[in-house]
Amino acid sequence: MILTRRSALTTVAAASALPLIRPAVIPSARAQTPTIKIGVLNDQSGPYTNTGGATSVVCVKQALEDFGVSTKGMNVEVIAADHQNKPDLAVSIARQWFDRDGVDMLIDVPTSSVALALQSVVREKNKVYLNSGAASSALTGAQCSPNFIHWTYDTYMLAKSTGGAMVKAGGDSWYFLTADYAFGKQLQADTSAFVTASGGKVLGAAQYPFPGTTDFSSFLVQAQSSGAKVLGLANAGGDTVNSIKQAAEFGLNNSMKIAALLMFITDVHALGLDVAAGLNLTESFYWDLNERTRAFTKRVLPKTPNNYPNMDHAGCYSATLHYLKTVADMGAAEAKKDGVATVNRMKAMPVEDDCFGSSKIREDGRNMVTSYLFQVKKPSESKGPWDYYNLVATTPGDEAYRPLADGHCPIVKA
Amino acid sequence: MIMIFGIPGPLLFGQLLLGLINGAFYAMLSLGLAVIFGMLNIINFAHGALFMMGAFASWMLLDYAGIGYFPALILAPLLVGAFGIFLEKTIISRLYKLDHLYGLLLTFGLSLVIEGLFRNAYGSSGLPYRIPAILQGAFNLGFMYLPIYRGWVVVAALVVCISTWAIIEKTSLGATLRAATENAPLVQAFGVNVPRLITLTYGGGVALAAFAGVLAAPIYSVNPNMGTNFINTVFAVVVIGGMGSIMGSILTGFGLGVVEGLCKVFYPQASATVVFVVMVIVLLVRPRGLFGKAA
């Protein structure tokens, strides 16, 4: 029996390690110009499927359509793969894409541990790496790279917007519930810095194993007995949904305020408004923000009817569009040759699209998009499907992110 | 305040209680696995997916048919159990004569297919399912705040576990069942329809998983991955308890819930691993598991 079990575990491990590469080829128009290949690498089966997943691929393809690649005589292909939130798997897929499939640009890549692992591969192969889905601010700090742009948000911006708002509202003592990996720790560290800088205290933290934790009750009871005023959730996706649900069950929302430091509209949808109502959260995109975001949502929604775009998806669209503009500007052959040159050109050009309006990219690779603090609506205020947010505060791009000098990014010249 | 190992006493008691609650889920899931393994010799890797189907069935009953929690507690296990019987009849029954490994591979594949289909249809974020109004609220126990629903889970799990154990160990039906696994041809010679008995056993084990799924729906988000998160731990529970031992899996389920709960206080980072550490130790010392019979 032991032998059977052992071989069973090996089989399972082998099966789950199989990379599920699904090519989604867009027909090329003309053969003579070199083909630009875009690889969407994200979670397509695990806890972050709805925050990235197939909707990211849809948004990348929407950018191709809106840019009009076929009418401009460009050949662009999009392929996608599931990294299963495993850094080793992601690195081997990326190597295969660069070496065998001739991929020029890597996009989305949620899960900070995976995102960090890819920095060195992309740099070694001199390709372009546009990250929308991962949060860690280390990506433009100590771990920055000349081939990299961080598009949509980061842990510093979340900490400043959501954390700052909580402290301002009197939440001066915190207890953290933290996913025990690169992202959770960075988010906890960035938020703690804000809390202590404004005179608050961090009373404790429970770092739980990621992935695989579904029951947070022990940690919630510990948080409750710490006497802190704010419960900071330094986690994401399904973990955030479960912890908020269970916090309500244990009556934490009567004695503490909950700060969901990273929450997407897809998570609010999963929670339901009766549990989520009143939560503060930060995104840099909301489908119902203005005419342009509504127009964008109207274009992509038929292709992803059950999953409205969140800021990660919008970032994939915006980054791809800006990349295509740059490639058209410098020529496909030049863009294929040199990733650093392409990224430098992208940094030099102003960013402009329906999702984020206009922004600029800083030399450390930070795209300075506006961040918005939202409050989740009460069920009675919500008028239609996915009508979930009230806008509370707006932080312009040049104030939302960590000052350049504080990031200690080695490629930035002092 | 009493301090135990540097942790305030009340906090520790709270964690013990929470450990028991989680243990209730482990016990129910590993019980189904133990019944199926004990009677059919199939390592049912699809158990997690069937647990997830139980949760989804209760969500669907509410969302599509307006049927509430308590009827779902009966209906969802019946529906999912019927699905299990269909699986057993059409696919699993073909593997009884082969090595365990084939059954494991088949059920592992089935679980991937089932989860994939649900993920395709409902996404991965999960769906909301409310705690029924009558079980909302909480007791203040002095040392902690116990949600009524969690208390209900422990009671329901205990009732189900003990009645399953009683049916198998104490009734004539259970005796026939046990005899059939020992020597099927002989029992068949006495006029018992053994294949049907085995089919119903599989259905019963699956219904247990679905029942746990319905209990879990209001606590965890109802999502296609909810079974995968549990199944590895539950397998460890079955191995520690002794494959096929009914009482063993119930006691080990509750026991390991408590061990895990304590680990969450002292060193949370290891709480996902501690069960496997225990498994390694048990396998080294007692390879047949704590309650397993000698060969």
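In this predicted model, chain A is assigned two domains, and each of them is built from two separate stretches of sequence, with domain 1 given as 21-153 + 290-369 and domain 2 as 156-283 + 370-400. Taken over C-alpha atoms, the centres of domain 1 and domain 2 of chain A are 28 Å apart.

The two domains of chain A touch each other through 22 residues of domain 1 and 23 residues of domain 2. On the domain 1 side of this contact in chain A, helix H4 (112-125) and helix H13 (311-330) each supply at least two residues. H4(A) gives the largest share of that side, three residues. By class, the side of domain 1 of chain A that touches domain 2 has eleven nonpolar residues, ten polar residues and one charged residue.

**Chain A against chain B**

The contact between the chains involves 45 residues of chain A and 41 residues of chain B. Several elements of chain A give two or more residues to this contact: helix H1 (2-17), strand S8 (201-208), helix H7 (217-226), helix H8 (237-249) and helix H10 (265-271). Of the chain A side, the largest share, eight residues, belongs to H1(A). The residues of chain A that touch chain B divide into 24 polar, 15 nonpolar and six charged.

Two packed helices are described by the angle between their axes and the distance between the axes.

| Helix pair | Angle between axes | Distance between axes |
|---|---|---|
| H10(B) and H11(B) | roughly 125° | within 9 Å |
| H9(B) and H11(B) | about 25° | 9 Å |
| H9(B) and H10(B) | about 125° | 8 Å |

Helix H10 of chain B covers residues 246-266 and helix H11 of chain B covers residues 274-285, and their axes cross at roughly 125°. That angle makes H10(B) oblique to H11(B). The crossing of the two, H10(B) and H11(B), is right-handed. H10(B) makes this contact with B:Leu256, B:Val259, B:Glu260 and B:Cys263, while H11(B) brings B:Val274, B:Val275 and B:Val278. Six of the residues in the contact of H10(B) with H11(B) are nonpolar, one is charged and none is polar.

Helix H9 of chain B, residues 226-241, packs on H11(B) at an angle of about 25°. H9(B) and H11(B) are therefore roughly parallel to each other. The crossing in which H9(B) passes H11(B) is left-handed. From H9(B) the contact takes B:Thr233, B:Ala236, B:Val239 and B:Ile240, and from H11(B) it takes B:Val275, B:Phe276, B:Val278, B:Met279 and B:Val282. This contact of H9(B) with H11(B) has eight nonpolar residues, one polar residue and no charged residues.

The remaining pair in the table is H9(B) with H10(B), which pack at an angle of about 125° with their axes 8 Å apart. H9(B) is thus oblique to H10(B). H9(B) passes H10(B) in a right-handed crossing. The residues of H9(B) in this contact are B:Val237, B:Val238, B:Ile240 and B:Gly241, and those of H10(B) are B:Gly248, B:Ser249, B:Leu251, B:Thr252, B:Gly253 and B:Leu256. Between H9(B) and H10(B), the contact residues divide into five nonpolar and five polar, with no charged residue.

B:Leu256 of H10(B) takes part in the contact with H11(B) and also in the contact with H9(B).

**Confidence of the prediction**

Chain A has a mean pLDDT of 89, with 92% of its residues at 70 or more. For chain B the mean pLDDT is 87, and 96% of its residues reach 70 or more. The predictor assigns the complex an ipTM of 0.72 and a pTM of 0.78.

Where pLDDT is low, the predicted coordinates should not be read in detail.

Key: Residues are numbered from 1 along each chain as its sequence is written. Chains are lettered from A and ligands numbered from 1 in the order in which they are written. This is a predicted model: local features need pLDDT of at least 70, side-chain atom pairs count only at pLDDT 80 or more; totals for chains, interfaces and linings use all residues. Domain bounds come from an automatic or database domain assignment. Two residues are in contact if their C-beta atoms, placed from the backbone, lie within 7 Å. Helices (H or I, at least four residues) and strands (E, at least two) are DSSP runs, numbered from the N terminus. Ala, Val, Leu, Ile, Met, Phe, Trp, Tyr, Cys and Pro count as nonpolar, Asp, Glu, Lys and Arg as charged, and the others, Gly among them, as polar. pLDDT is the predictor's confidence in each residue, from 0 to 100. Axes are lines fitted to C-alpha atoms, for helices over the stretch in contact, and angles run from 0 to 180 degrees between N-to-C directions. Angles under 35 degrees count as roughly parallel, over 145 as roughly antiparallel, 65 to 115 as roughly perpendicular and the rest as oblique. A crossing is left-handed if the near helix is turned anticlockwise from the far one by less than a right angle, and right-handed if clockwise.
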